[in-house]
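Biologist: I would like to learn how to read a few features. Please take them one at a time.

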Amino acid sequence: MARFRAEFSDSSDDGSSSEPEEVQNELEVSEDESESEEVLRSPSPAMHEDDLLSSNARRRKQRNRNALVEGEDGEIWYAHEVEEGQAPNLRVSEASSSSSSPPPARARDPTLTSWAQHVGVDAQKMHVMQTSLFRLPEEAAALKALNQPQASRSGLRVPLQPLNRKHSRDSDGDGLQTDSRERPSFAHDIEPAVYRPSRKYARVETSESAVQGNEGSYFDAGLAFGRSFRVGWGPGGTLVHLGSLCSPTSTVKTSANSSTINRTVFPLYADATTGSTLSGKLLQHHLSNSPITPDDDGVPFADPDPDYLNFSSFAGLFPAADRSYEASLFRLGQALFDEIDLRLGPSVTIDIRNRITAVRRKAALSAWLEDAVSATVEAELRASSSVDVPNNAFTFLTGHQTEKAVNVAIDGGFWRLATLISQAGGDFDFQSDLKEQMEIWRNERIDVHIEESVRKLYALLAGLVDREVSGSRGGGLEKCSDVDVLKGLDWKRVFGLHLWYSEPVNAPIAQVYQSFNHLITEGRISRPLPWYAEKKTTSSSSSLWNLPSTSTAFDGLFSLIRLHAEPTCSLSQILTPLSFGISPVDYSLSWHLYIILSRCMRVRDFADRGEPLGRRRRMDNEEEEEVQQEGHSPSADLLASSYASQLERQGLLQEALFVLLHIEGSIGRKKAIKDLLARSAGRLDEWMTRGMEGSLRIPRAWILEAKANYALDQGNIFDAYELFLQAGLYDFAHDLAVMELAPDAVLRKDFELLHSLFATFLSHPVNDWHIRGKVFLDYVKIMTHLPDLLAEEDSIADAEQSTQFDDLIKSVPRLIGILPDVLKEGPDPRHGAALTEIVAGLVGQVKKYAPHVLAQVDPTLLDESTRLERIQSMAYARFLSHIN
């Protein structure tokens, strides 16, 4: 086929053609046809340079026919319409003509009309419709070029331009992105870049790898080896790790690049023995007043009794002389939240009751505060051993020990001062007189001649505890220093000064709290720190935890006062472990306070408590009572789980189970209890099992299941089988019998044991019984009962025996066909050996008592001699059938 080659230049501005019009059109058609035929028929993938130039020129010329040109009337036309003379008076756009001039307009054939004009549609709209529905010629040519071999398109590649971003990656596809290139008009398309598949990873030879020779440089093997060597916590504060434990900034001499596992036990609590004793005492009291009954799903649930579980009942567990933090905490809760017996008649109005309750509540708080600060007052007096009578009297007044302060003043000869001290916490007129007296001293500059301890005592009696008392501003000897009443006092005594001397007698506790909290927000006093942070000396037990200096935990005692004074305060804001102890994982007091305040007294709850879900029935003394079912609180369940984990680490398993019984969701409660039993199955002796079943109402099946899994983990298969049966988990027991116990019994030919393993499941249906466990029972029956049916050769068998014999014999082929699915050959070699033993025994019975049945047996499991006998049996059976 002839080829035509023409030199073509985009810069040519003459619109003439060297050939006539007819030849030009014929040439274009011939070139397109020859190009397509050449692509299809060319045996060689190579292409000459001239062919490439000619093909490129023809492609450009064909694309120019679709260039957009503008007419004098402002409409947009295509170049091929210009060539066909359909758009007279056209003006070519400047951008298009800058690169190549359009072909000269030819005379229009009056007999030809465009399809757009024929149907009355705009030409541009028709072009859009065509491009969206049909493939354009240039698109077909581009797809045809892409399908050519790689070598034939090597000369058409466009060199890659610089990447779009500074640090690109081929794995992200950025290596194939080129910068946008401008083109003079729509008639000039840009050749697409040749696709190059990206390679995300490249293999590096060992000799060139950076790891070569530096294998021992891994500092953290837990990071280098992933999950296999990661650090993990165990029960009792056990930490399993590689290398030595250190902080991120410390220097370690030993390397963690080792397979040696270290086991370190950390005491998570300052005094584990004391903590266990306290938790046991509190939980025992809690258990005795919390009935345990199954919920609607049959899962045991502990429901605390609000009539008996309150702060006073817990405070009664501590001796009266006990000054421990826990005892003080429950006594404060008793003063703030427990119900007060007012002993008033029914005719008393609610306003009077509320007023009397507020006064009694404030008196109870005052009595608790006096007892709480008494030890601090005595310690400060012993440490000072000063003869400064006003200062000692002030110290007594910080503990609200007015009588002792008066006696000290009298013994020191301060008669008038003793008279004023006896009126401490008096009415508004008394405090106004003292303020006026102090103002006179300051104005007349007499305060400089009065002892600072006396002025400090006067300021306290005047109720000036919320600000410093300024002295006279004289010069030289007449200049008097200011007096700060709160200097050197702990937060309890500062709160007591507001309660006893600053606020009015009839002021509620909430007003006293607001006045005290105002000093904290202004920065006059520091926030109430927990008891362990107030100690100046650090004991050896407290050094277990390196607590941050920026901890925001408040003292738990102050948190209870805040909970009483702020109606918007939730338990989520106060029940943090660091508020009650030095261990951030000690949830004992937090959980007990939650049970009392939320579940029993209904004072406050967690902020994430959901809306009520409906109503449920509650059994109370064999009577049904409908109560409202509360919404779920994830924080409550998390607190119970954390406390149970703490008790588990301390070895208190029954106590941990009791705490888990308070989880609100039935599904989560059941799972948590079963998981705890599974982790502690090795420690579940008979005494502990009885306690769980009797006191905690834990289902016996759950305990037996945990013991069975533990026995299975220890390799005691038969014990696990029996425990699963006792727990009523017959499917698990059936699986163990089929996969672990039956092969051994088959190999030992212990038919009695094999029968006892599966006879239990006759009255307890299990999954896949007829194609698994029943197969072994049928095997035992064939091997033992079949010879008994034919024991006496001379006796004539009755009809029933004949039927039984036929049924057993006919079941042999079916059993042999099922056996490969029951005893699959795999990692356990016993299965293959047991399969061979069973097949051999069944085939032996068939050959002995009914050889004709051998023809129905699957030959894949038979040996060579038995297969030959089977062929003979088949031939004999066919012979008999032909005779009959």
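Biologist: Is F396 buried or exposed?

Modeller: This is a predicted model: local features need pLDDT of at least 70, side-chain atom pairs count only at pLDDT 80 or more, and totals for chains, interfaces and linings use all residues. Residues are numbered from 1 along each chain as its sequence is written, and side-chain values use heavy atoms, without hydrogens or water. Buried means under 20% relative accessible area, exposed over 50%, and partly exposed in between (1.4 Å probe, protein chains only). F396 is buried because its relative accessible area is 12%.

Biologist: Which helix holds F396?

Modeller: Helices are DSSP runs (H or I, at least four residues), numbered from the N terminus. F396 sits in helix α13, residues 389–398.

Biologist: Which residues does F396 touch?

Modeller: Contact means heavy atoms within 4.5 Å. Leaving out residues up to four places away in sequence, F396 touches V377, L381, Q401, K404, A405 and V408. Take V408: twelve residues from F396 in sequence, and 9.1 Å from F396 in space, C-alpha to C-alpha.

Biologist: How exposed is A363, and where does A363 lie?

Modeller: A363 belongs to helix α12, residues 350–384. Its relative accessible area is 46%, so A363 is partly exposed. A335 is 28 residues from A363 in sequence, yet the two are 8.6 Å apart in space, C-alpha to C-alpha.

Biologist: What about E436: buried or exposed?

Modeller: E436 has 51% relative accessibility, so E436 counts as exposed. This residue is part of helix α16, residues 428–443.

Key
Helix = DSSP H or I, 4+ residues; strand = E, 2+ residues; numbered from the N terminus.
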